Amino acid sequence: MRSQILIHPEELSKNWIDRIADAGVTVLGIHPWGGKHAEKSIQQMLEFLKTPEYRGLLDYAAERGLEIEYEIHAAGYLLPRDLFETHPEYFRMNENGERTPDWNFCVSDPKALSFVAKRAAELALALYRSGKRFYFWMDDGKDVHCRCPRCRDLSPSDQQLLVINAMLSEIKKHISDAKMAYLAYFDSLSLPEMIKASPDVFLEYAPMEKYVAKSEDAAQRIAREQAMIGPLMDFFGREDAKVLEYWYDNSLYSKWKKPPKEFHVDREAMAKDIDQYKALGFSCISTFGCFLGADYEELFGAPDIVPFAELTK
Ligand SMILES: [Zn+2]
């Protein structure tokens, strides 16, 4: 069983690396912020990755036996929004029939897709000490896919998978054994219908509804999220299937605003979930652990990740 904690790039420290390695968690995840400004956080991370200090930290993590992976809402970085001025056709059409550079892009535009795939390969090669599994997700919004006449029949799931297939094919020119995650959450929980997954695309299931669904139909949404696990595993295969959970996501509990709030893990809920994931055959269980960096430690002391590590062994 692989286990993983994802933290923001600026939170990486020797303390965090030791905490993860000492507990017996096997993978360190670096996760730039999502949301509207994901691109800035990615740029900042790429600057960190050029410095000897930051590389030294990642070398240390590798020496401590940790695998290193990067999980990124990458669409806005892969197709820079300023291309909208010269190439509006690269960008998505919204529900009003207008091209807009707000989120994602037009996955049916061959030039946009090829631009994104090439830049994805460059990004993969820039991720210092990265493992061979890549996580370049679409933008972190709901209902933000392209609705142009060519994309209209492609669901958000189909659109994501089409982009993943294109990125992975380009990345494989440089890293022949690369794999890439399909992120199933919110509107990408549905199975792709028009697009088939390339070999080496694996499932990453992130049950966020469970934490954020508040509307009248919350119970239904959460039940649907649960019910999709089996079909998603059947579609993408079980071998590399991964869960991305929120048990230690103090950014979620702090509503993505600093300073971080004091955090306590819900051990009982986590234990129940992990039992289920193990029984279903997931081979990697991961959780966000953002907003538990040095600023958190100063306010509330070191977070305790031992319960997670023990349950995932
Ligand atoms: Zn389109």
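Predicted model: local features only at pLDDT ≥ 70, side-chain atom pairs only at ≥ 80, totals over all residues.
Local features need pLDDT of at least 70 and side-chain atom pairs pLDDT 80 or more, while totals for chains, interfaces and linings use all residues. Residues are numbered from 1 along each chain as its sequence is written, and side-chain values use heavy atoms, without hydrogens and water.

The structure contains 1 cavity of 30 Å³ or more. A cavity is a set of points on a 1 Å grid over the protein atoms alone where a 1.4 Å probe fits but cannot get out, and its lining residues have an atom within 4 Å of a point. Volume is the space filled by probe spheres set on the points. Asn104, Met138, Asp139, Asp187 and Ser188 lie nearest the centre of the largest cavity.

| Property of the largest cavity | Value |
|---|---|
| Volume | About 190 Å³ |
| Lining | 17 residues |
| Share from helix α6 (residues 156-172), the largest | 3 residues |
| Lining by class | 7 nonpolar, 7 polar, 3 charged residues |

Helix α1 (residues 14-23) is largely enclosed by the rest of the structure, because 7 of its 10 residues are buried (under 20% relative accessible area, 1.4 Å probe, protein chains only). These are Trp16, Ile17, Asp18, Arg19, Ile20, Ala21 and Ala23. They pack against β1 (2-7), β2 (27-30), α3 (52-63), α12 (294-300) and α13 (306-311).

Helices α8 (residues 218-227) and α9 (residues 229-236) pack with axes 5 Å apart, at an angle of about 35 degrees. Their contact (heavy atoms within 4.5 Å) involves Glu225, Gln226 and Ala227 of α8 and Ile229, Gly230 and Pro231 of α9.

Conventions: 1 Å grid on protein atoms, 1.4 Å probe; cavity = no way out; pocket = protein on both sides within 12 Å on 5 of 7 lines; lining within 4 Å. Helix = DSSP H or I, 4+ residues; strand = E, 2+ residues; numbered from the N terminus. Nonpolar A, V, L, I, M, F, W, Y, C, P; charged D, E, K, R; others polar. Buried < 20%, exposed > 50% of the residue type's maximum accessible area, 1.4 Å probe, protein only. Axes fitted to C-alpha atoms, helices over the stretch in contact; angles between N-to-C directions.
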